[in-house]
Amino acid sequence: MFKDLDPILHSQLRLAVMSLLIGVKEAEFTFIRESTNSTAGNLSVQIQKLKDVGYIDVNKKFKDNYPLTTCKITRKGIDAFEIYVKNLQEYLKVK
Amino acid sequence: MSTKNILTEQESLNIINEMIQKTKDNYHESGISALLWGTVVTIASLVTYAQYQYNFKLIFDIWLIVFVAIIPQIIITIQEKKNIKVKRHIDPAIDAVWIVFGITIFGLVVYQNIVPNATLNIIKEDGWEMMIHYTNGSKPDKILKPFAPSIASIFILIYALPTMITGLATKFKPMIIGAIISYVLFIFSLYTINKFDMLFCAGAAIVNWLIPGIILQRRYLKKLPCNV
């Protein structure tokens, strides 16, 4: 029996954000926006959703008088991502 | 990229692969620091060799350029930190290795400069001294000032350490090869006099930093990914 894919992760932009963050310690908001080719507004909303469920940590500070937002994946986020990939592999194996 | 929730499993997998690849591709190391230290240590070693070989002495110690090079290195580090948009898990560990390397080299320079005089004082207090005695009697005996034998070999050995760690950790072959060549040069230097040790020192600086630095710089200018 297949397990349902995590609805938080099973979304194009949120999955892209988590896939970027899984391989790094932390990444700046601008890097994520450029890499995912998304708009700042849309990305902010999706990042907030990931933060609300505890999958990522968001740190806001100032650098050279400009706001700087950095994101990093949490332990809960890593676990959720690993489960998501495992379930995904099970789906693909059957197909 | 949209927020669509109707993703097929294959689409999900493609997104994951694409994003992981983008993270890898984003990391560009300019190689400026490697170029700087490769050049500085090569010049200092070759000038020292030339001083032995052609019997002249500069009005200043050429190795002081190593300390002068710390200033541009600090500026480079600050600039690079400013421009980094992504921090990798491995970065703090690699930074730590190079900081410890710097401290170790500084410690070795202090050792090299303090130990001879300190030893001289200790043995003087003990009431004895070291002498050079020519077994064939060709020259009269003379007092020998204590020195750290083949200290350049130790420098070569330590040069290879952070390069090998960085090369292995980041899978950057030029650094791994450079460090291996350094270990070979270290062995050679054990059997040669200080003059030739300086050539091995220059060789170690070239293979450890200068060549990897040139490779990194070329990749950086071409915007090719380099996970170092």
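Two strands pair if DSSP finds at least two bridges between them. The exercises below apply this to a predicted model.

**Exercise 1.** Find the bridge partner of A:Ala27 in strand 1 of chain B, and decide which way the two strands run.

*Solution.*
- Start at A:Ala27. Its bridge partner in strand 1 of chain B is B:Val86.
- Count the bridges. Two join strand 1 of chain A to strand 1 of chain B.
- Two bridges meet the cut-off of at least two, so the strands pair.
- Their direction is antiparallel.

**Exercise 2.** Find the partner of A:Ala27 in strand 3 of chain A, then give the strand order of the sheet.

*Solution.*
- In strand 3 of chain A, A:Ala27 bridges to A:Cys71.
- Strand 1 (residues 26–28) and strand 3 (residues 66–73) of chain A share two bridges and run antiparallel.
- The open sheet has four strands, ordered 2(A)-3(A)-1(A)-1(B), with antiparallel pairing.
- The edges are strand 2 (56–63) of chain A and strand 1 (86–87) of chain B; each pairs on one side only.

**Exercise 3.** Which strands does helix 1 of chain A touch, and at what angle does its direction meet that of strand 3 of chain A?

*Solution.*
- Helix 1 (residues 12–22) packs on the sheet and touches strand 1, strand 2 and strand 3 of chain A.
- The angle with strand 3 of chain A is about 80 degrees.
- Helix 3 (residues 40–52) of chain A also packs on the sheet, touching strand 2 and strand 3 of chain A. Its direction makes about 125 degrees with that of strand 2 of chain A.

**Exercise 4.** Describe the side of chain A that touches chain B.

*Solution.*
- The contact takes 26 residues from chain A and 22 residues from chain B.
- Helix 1 of chain A supplies the largest share of chain A's side, six residues.
- By class, chain A's side holds eleven nonpolar, twelve polar and three charged residues.

Definitions and conventions:
Residues are numbered from 1 along each chain as its sequence is written. Chains are lettered from A and ligands numbered from 1 in the order in which they are written. This is a predicted model: local features need pLDDT of at least 70, side-chain atom pairs count only at pLDDT 80 or more; totals for chains, interfaces and linings use all residues. Two residues are in contact if their C-beta atoms, placed from the backbone, lie within 7 Å. Axes are lines fitted to C-alpha atoms, for helices over the stretch in contact, and angles run from 0 to 180 degrees between N-to-C directions. Ala, Val, Leu, Ile, Met, Phe, Trp, Tyr, Cys and Pro count as nonpolar, Asp, Glu, Lys and Arg as charged, and the others, Gly among them, as polar.
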